[in-house]
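User: I would like a close look at one part of this model, with the cut-offs stated.
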Amino acid sequence: MGGMTAIETAEELIGRMAKAARRAAAAMARIGAADKAEALRAAAQAIRDRAPDILAANARDLDRATAAGLSSAMLDRLRLDEARLASTADAVETIAGLDDVVGRVVDESRRPNGMVLQRVRVPLGVIAIIYESRPNVTADAGALCLKSGNAVILRGGSEAVESNRAIHAAMAGALAAHGLPAEAMQLVPSTDRAAVGAMLRAQGLIDMVVPRGGKSLVARVQDEARVPVLAHLDGINHIFVHAGADPEKARAIVVNAKLRRTGVCGAMETLLVDRAYQGAAALVEALVAGGCEVRGDADVQALDPRVLPASDADWDTEYLEAIVSIALVDDLDAALAHIDAHGSHHTDAIVTEDVAVADRFLGEVDSAIVIHNASTQFADGGEFGLGAEIGISTGRLHARGPVALEGLTTYKWLVRGTGQTRP
């Protein structure tokens with residue numbers, strides 16, 4: 001229960017931290033854009049300056065995780081080296097340089113009685129980030145929350161405890177030295193799972209929870225939270241290759257979407273191919289040649305003997321590895337019906353040169369990100385020009401798709417009158 005006193009419960013710990021965060025959030029809302037940017041640039045430099053300490057801490061985490069039998073994929077997410085740590089510091093510096101959204105006027109109108117109304121962006125308040133494995137989340141999630149004027153409570157996984165503490169210590173010292181409230185960026189000291197439950201029940205103290213991790217973590221957060229959650233559970237992403245697709249574009253996009261990085265949430269998991277498209281066998285060949293296991297319906301199996309039969313479960317599976325399910329569909333309507341039945345509202349794409357068909361797909365697919373003639377692997381805040389992201393949201397309220405600074409704010413109405421009274 002490291003970090004809690006012998007008599008302090010998880011609820012008391014989180015309550016104490018959240019109350020301090022609320023005080024810090026009130027102060028953050030008054031800090032100007034230039035001061036926030038300067039403090040974050042100093043935090044980025046502190047990560048660089050403290051690199052030997054951070055890498056030593058990460059090595060201890062890796063030794064412990066290896067001894068505990070963590071998978072190679074988990075170890076890779078946990079591992080920091082000089083290049084990865086430099087990228088982490090660069091990400092914080094990039095966030096520092098983004099345009100500040102706090103105070104931005106969303107829209108303005110003048111009423112017939114002369115009152116002027118504005119909607120203006122303001123911070124959400126206190127944001128909790130619950131994450132696993134990747135120590136860089138400590139830096140980039142913390143920086144995004146601070147840049148958008150919020151206070152943040154970070155709760156990393158036990159496997160990265162020393163790495164997270166070292167990164168947090170480097171950043172917190174620099175932030176405080178440059179005028180930001182010391183408790184605007186806090187790291188939960190306890191690795192006890194009870195602390196997560198306490199965060200999820202902290203209604204009135206925490207304004208939003210963002211889970212960053214595997215399906216079991218996200219599911220637990222969505223099931224138990226009594227505060228708003230910004231998250232996605234699955235990334236069951238589709239590409240529909242229409243009869244009007246350019247074969248070279250289709251091949252390049254499909255291979256990239258599946259195999260560039262198989263473990264990211266934007267990876268394609270199901271490929272739908274129009275029966276009228278003549279290059280279905282070539283797409284199967286390209287995927288197999290790239291080292292991908294292909295599972296298909298009877299029509300796809302008939303195209304290539306290396307295709308394994310797809311089960312009903314395959315159409316609802318996020319593989320996150322070099323496996324893909326492929327189906328032939330009759331037309332655009334059949335593709336839309338399949339995506340509606342099996343998609344997770346994350347990212348779906350169409351490959352076609354028929355603009356009218358593409359426009360229908362873009363308009364009718366109910367996903368956070370819908371793409372024409374490009375890879376689903378672009379589902380990323382950096383690729384969207386947002387600098388970084390706190391995560392990807394597949395919900396319909398507040399924010400959708402990659403969520404960065406704007407998604408970490410809300411708005412309030414400012415009304416300026418000249419003495420008007422309501423009749």
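Which residues in H2 meet which residues in H5?

Analyst: This is a predicted model, in which local features need pLDDT of at least 70 and side-chain atom pairs count only at pLDDT 80 or more, while totals for chains, interfaces and linings use all residues. Residues are numbered from 1 along each chain as its sequence is written, and side-chain values use heavy atoms, leaving out hydrogens and water.

From H2, the residues are Ala-37, Leu-40, Arg-41, Ala-44, Ile-47 and Arg-48. Their partners in H5 are Leu-85, Ala-89, Asp-90, Val-92, Glu-93, Ile-95 and Ala-96 (contact: heavy atoms within 4.5 Å). H2 spans residues 33-49 and H5 residues 82-97 (helices: DSSP runs of H or I, at least four residues; strands: E, at least two; both numbered from the N terminus). The two helix axes lie 8 Å apart, at an angle of about 175° (lines fitted to C-alpha atoms over the stretch in contact; angles run from 0 to 180 degrees between N-to-C directions). That angle makes H2 roughly antiparallel to H5 (over 145 degrees).

Helix H14, residues 355-364, can be described by its two faces. Val-357, Ala-358 and Phe-361 are buried there (under 20% relative accessible area, 1.4 Å probe, protein chains only; exposed is over 50%). These three are on the same side of H14 because they cover an arc of only 100° around the axis (taken from the directions from the axis to the C-beta atoms). Their cover includes strand E7 (237-241), helix H13 (332-342), strand E12 (347-351) and strand E13 (369-372). On the face turned away from that buried side, Val-355, Ala-356 and Gly-363 are exposed. Asp-354 caps the N-terminal end of H14, with a side-chain oxygen 3.1 Å from the backbone nitrogen of Ala-356.

Notes. A polar contact is a pair of N or O atoms within 3.5 Å; within protein, one must be able to donate a hydrogen and the other to accept it, and residues adjacent in sequence count only if both atoms are side-chain atoms. Angles under 35 degrees count as roughly parallel, over 145 as roughly antiparallel, 65 to 115 as roughly perpendicular and the rest as oblique.
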